[in-house]
Amino acid sequence: PTVMLLSRDITRRREAELEVQKMRSAALAAERDRVFRMLFESSPVAMVHCHGEIIEAVNRQFTLQFGW
């Protein structure tokens with residue numbers, strides 16, 4: 001009996017696929033951030049974005065209502 005074995009190193013291909021996946025994830029995150037920022041800034045309701053006890057951002061309506 002004869003056995004034939006074929007193999008191919010797919011390391012580079014897999015690394016490229018992972019890089020594309022990372023780039024897509026980063027692009028999606030950037031788009032989510034852009035949409036969140038747009039909604040936050042254009043809201044007619046005064047809004048504050050906090051991280052714990054630290055104020056990260058206030059929107060335009062907050063500034064108009066409270067002068068801060």
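**Reading a surface patch and a buried phenylalanine**

A: In this predicted model, Val48, Ile55, Phe66 and Trp68 make up a nonpolar patch on the surface, and their accessible area together is about 420 Å².

Q: Where in the secondary structure is phenylalanine 66 found, and is phenylalanine 66 buried or exposed?

A: Exposed means over 50% relative accessible area. Phenylalanine 66 has 53%, so it counts as exposed. The residue belongs to helix H2, which covers residues 60-66.

Q: How does phenylalanine 40 read: buried or exposed?

A: Buried means under 20% relative accessible area. Phenylalanine 40 has 3%, so it is buried. Its place is in helix H1, residues 11-42.

Q: Which residues is phenylalanine 40 in contact with, leaving aside its neighbours within four places in sequence?

A: They are Met47, Val48, His49, Ala57, Val58 and Asn59. For valine 58, 18 residues along the chain from phenylalanine 40, the separation of the C-alpha atoms is 8.5 Å. Val48, one of these contacts, is also a member of the nonpolar patch.

Q: How do strands E1 and E2 pair, and over how many bridges?

A: The general idea concerns side chains: in a regular strand they alternate between the two faces of the sheet. Here, E1 (residues 48-51) and E2 (residues 54-58) pair in the antiparallel sense, with four bridges.

Q: What do E1 and E2 form, and what is the phi of glycine 52?

A: The two strands form a hairpin, with two residues between them. Glycine 52 lies in the turn and has a positive phi of about 70°.

Technical notes: Residues numbered from 1 in each chain as written. Predicted model: local features only at pLDDT ≥ 70, side-chain atom pairs only at ≥ 80, totals over all residues. Heavy atoms only, no water. Pairing = 2+ DSSP bridges. Patch = residues over 30% accessible without salt bridge, like charges linked within 9 Å, V, L, I, M, F, W, Y side chains within 5 Å. Areas by Shrake-Rupley, 256 points an atom, 1.4 Å probe, with all protein chains shown as cover. Salt bridge = Lys/Arg side-chain N within 4 Å of Asp/Glu carboxyl O. Buried < 20%, exposed > 50% of the residue type's maximum accessible area, 1.4 Å probe, protein only. Contact = heavy atoms within 4.5 Å.
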